[in-house]
Amino acid sequence: MKQGNILKYALVSGAVLSSLLITGAVQAQATTGQEATNNDASSSSLTGSTSVTSGKNVTLQSSSVSNESNVYTSGENSDQNTDSTGNATGDTNADSTSTESSAPESEQNNESATKESNSDSAETSSVTNTTSNSNADATDRTPSDVPATNSAEQVVQVAQPATLSANTMSRMSVFKEAKANIAATVVTAKLDLSAEKATIQAGETATFNLKLSVSGINQTMNEQRLVIDLPVGFKLTDDQDLTIDGVTPTLSTDGTQLTYAFMTPINGLSISKRYVFNTSNYGAVNGTTMSMAAQYFDGDTQLQATDEQVVTITSKAVYGVTDRMVGVLVLNDDGTPKLDADGNATVNSTQLTGIAGDYLVYQLGISAPKSTLGQAYFAPGSIIKLIFLAPAGMTYWKTDNTTLAKYGEPTIQTSNGQTMLTWNIPAPSLAEQQAAKDNLFSGYFDVVFQINASTPALTTLTTQAQIVANSINQNQVTSQIATSKIQTAFDFRHQTIPTEGNDYMNYNWGPKDGNGNASDHAGDHDDPQVYPNATLRFIMMTGPDAFNYSDPIGQNSPYGDYSITKYIATYNVDPHLNVDQMMIYTPASEVNGTVVPLAENPVCDIYVRYQDESDFEATPILTDITTLGWTDMSQYVDNARGVAQLEFVYKVHPQGLITYTYFNMSPKAGYYGTVSNDFTLRIAGFDADDWEEVLISKDGAIVQYSINVNHQRTDRIGTDIHLYDEIGKYVPDDTTLKTLVDQYMQPQTAEIIKPAENTPRVINESTGFVNQTNGLVTPGDNVLQVMVENNQASVQSFSRLKSYVILPKNVTYTGNDANVTAEKLADGTTKLTIDWAATALAPNQQNRLNLSVTIDAKARVNSMNVTLYSTVAEKDTVVPGVIDPDLQTDVQMVDDTADIDGNPDTTTVFQNTKLTSWTWRHTKFILRRPLRTLLTKLVLK
């Protein structure tokens, strides 16, 4: 039998994969001569056939449709047309209601077609009306029912469909209901919104992650909108790309809502978007919340809405104060400050301490770092009280004019020789704090104190500063006490140091206690008893001794410009001490007992020799040094190897050179007993007509080389220069001068006492990534910093330190550190075993290591955990939180259930797990094709 072709067009929806939306038009033409089949009654789609003939014999045959066929959607084109015989002829507009044949058919053809149709009618159950009946129905149509044709001469009438059977009516009802349901859900949106962190600290960025997925075709062509309700009072960071599918959102006038208006239907859109808000300039009260929500609309119909996502901001006031001695006023010859025409004094900022009578300039600052995460603002307009306390031995002179103009004269109180200054300052406004860049309070307080004339050299003068303020959280905050400590220098004008005649000798000072104080006088040997957490102060003062004559020697002197030709000081460090800090104070020059201006600044290079070496390192650790402020020596020397000597080689050594160098040292881990330091000075130059080199040490001032004017060795080699009388005669039995001078060069000692066993050992750990943006770790190449320390709260050492770092799956170790072993674990993480060079740490000592890593930029996660474990031998070791419960620390004592070190005897490990948020690159998935290419053509046979 012959069948008409059935052409269907269908779209497979991305949202409802189980449904087929049939959008093609079904056109079938009953053809004469069609034979009956044994197919199901529903296989025939024709229920009526009408032949309408106009004056030009144009025939239109129409068919009603069974419930297995769908009407072609208005506005779409079919792929094929059929001619009057049912054969495909080309495309036809489905919206059209008239058809022109390519050529008029003859009446004979029409008649034969009619006969053929009548012949088939007896065999085709679904055809109920003959051609003549159809013509009769067409005649009964009113003119308004007749659609116009493309030709003005043609009037084509379409018959009403014949009466349907009950079964066919039921099937069509099901189809219409299914089609209505599909149309109602034709646009499907999935919307998800989440806060990256539910709680953040003030100053951190708050991040919300939005995921939007839209599928289906909007048959109604409605505008689609994504509406996002933003946190009130917070601004998006400036570097964000907010566009979605090329659409830039509009921001409401009050800044609380973003709206994306998609003017054309969106199909197959899947995107992730991050919205990052800055909280650093908000001034959040502790507990402030920020919320965000989103909705998606098809026209006025809300398809999806998220729950409100809330982020809570915590804040806590972290206020402090700075207290620094920034220099000494330049004086007139009479000892008064030198003032310019405007009454301004000049500050010599290179002087790190002063002598009796000097005017010291102290600079105070209120510290409220804006960059500190969680920082609470000052309560605007509240009173900030700044207190400065100067010790006995100093007298208040003046407050700087700039300070007076801004903050006024302080209240001055004195008691027992101490002086207290107090300012009451209004806190800055909220706008001022929001506009501040680094510190919530900008401004300094400069005051001048004079060292009393009666204050002896080497007196320690400690000033203290503190603030009391109210935070925006309505609580009063008292800062820690800041201190500035100096030790007064020698007044060479008044010779407050021991000398013999007019010669300035060499002096070795040792610690007075374990708190960083030196002995009161040269030659004192306090030998303090200290705990392992002590700070021990040593001072090396070098002088010209006998090489203090005028230069040049005479008008016709053949010996050059300077009488000193060599000046090398070597400081001998006890093997049980760490060199923690060093300072080189302003040098001086003495000629024949008189301090004179330096002819030029002395310059030295500094070398180190370690305990495991016999020679100094070839490369100096510091070069071209004249003066040096307090310097962290851990960046220049390796205390784990043990510093044996520090050598100061002066390349420029003016006449009568006097230097003094300060050291702060600490006991090495696990050592209890005596420590002892001393130094030597190798000095050479011209003494009258002779050239000599002398080694000055605890054993005396021994001549190493001596050459007379005739370039001959003299008999002074091997003798002590302090055993010669005033006319140069050697008197070995008169040791008065030698005994006096030698006492100043004797070793200085301290006794390291073992603490009671119940005193704590405190371990602390931290990790952190170097490369970050807005508090988020940057993917790609990065550096992970690892730190383990014996905390300053400890008084005992610990030993056999070993650490282990667990990197998450998306982080790869790329370094080649000699003391690091990497192991890939079964769960995809990486275990790094760190064998520290220093396995024993004394109190206040730490190990640091920078690990090169790569973070996978494609890993679609928002945070990761880096875990640091450490083990030590001493089982009484605790974490900082045990000593101070209020101390913020991520370190915990945990049971070694995972046997992290592979030692079954280890029961406890120290764990630091840090949750790190990080930035990952978002990939936008958009499926956007012309509608026609999404249609699938199905031919049903």
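## Cores and strand pairing in a predicted model

Isoleucine 606 touches Met582, Ile584, Pro620, Ile621, Leu622, Ile625, Glu647 and Phe648, leaving aside residues up to four places away in sequence, where contact means heavy atoms within 4.5 Å. The model is a predicted one, in which local features need pLDDT of at least 70 and side-chain atom pairs count only at pLDDT 80 or more, while totals for chains, interfaces and linings use all residues. Residues are numbered from 1 along each chain as its sequence is written, and side-chain values use heavy atoms, with hydrogens and water left out.

Ile606 is also among the residues with the most contacts inside the largest nonpolar core, which has 45 residues. Such a core is a set of buried Ala, Val, Leu, Ile, Met, Phe, Trp, Tyr and Cys residues joined through side-chain atoms within 4.5 Å; buried means under 20% relative accessible area, exposed over 50% and partly exposed in between, with a 1.4 Å probe and protein chains only.

Strands (E, at least two residues) are DSSP runs numbered from the N terminus, and two of them pair if DSSP finds at least two bridges between them.

| Antiparallel pair | Bridges |
|---|---|
| E48 (residues 780-790) and E53 | eleven bridges |
| E50 (residues 811-813) and E53 | three bridges |
| E22 and E25 (residues 444-451) | five bridges |

Within E53, leucine 849 is the bridge partner of valine 786, and valine 853 stands opposite tyrosine 813.

Terms used. Helices (H or I, at least four residues) and strands (E, at least two) are DSSP runs, numbered from the N terminus.
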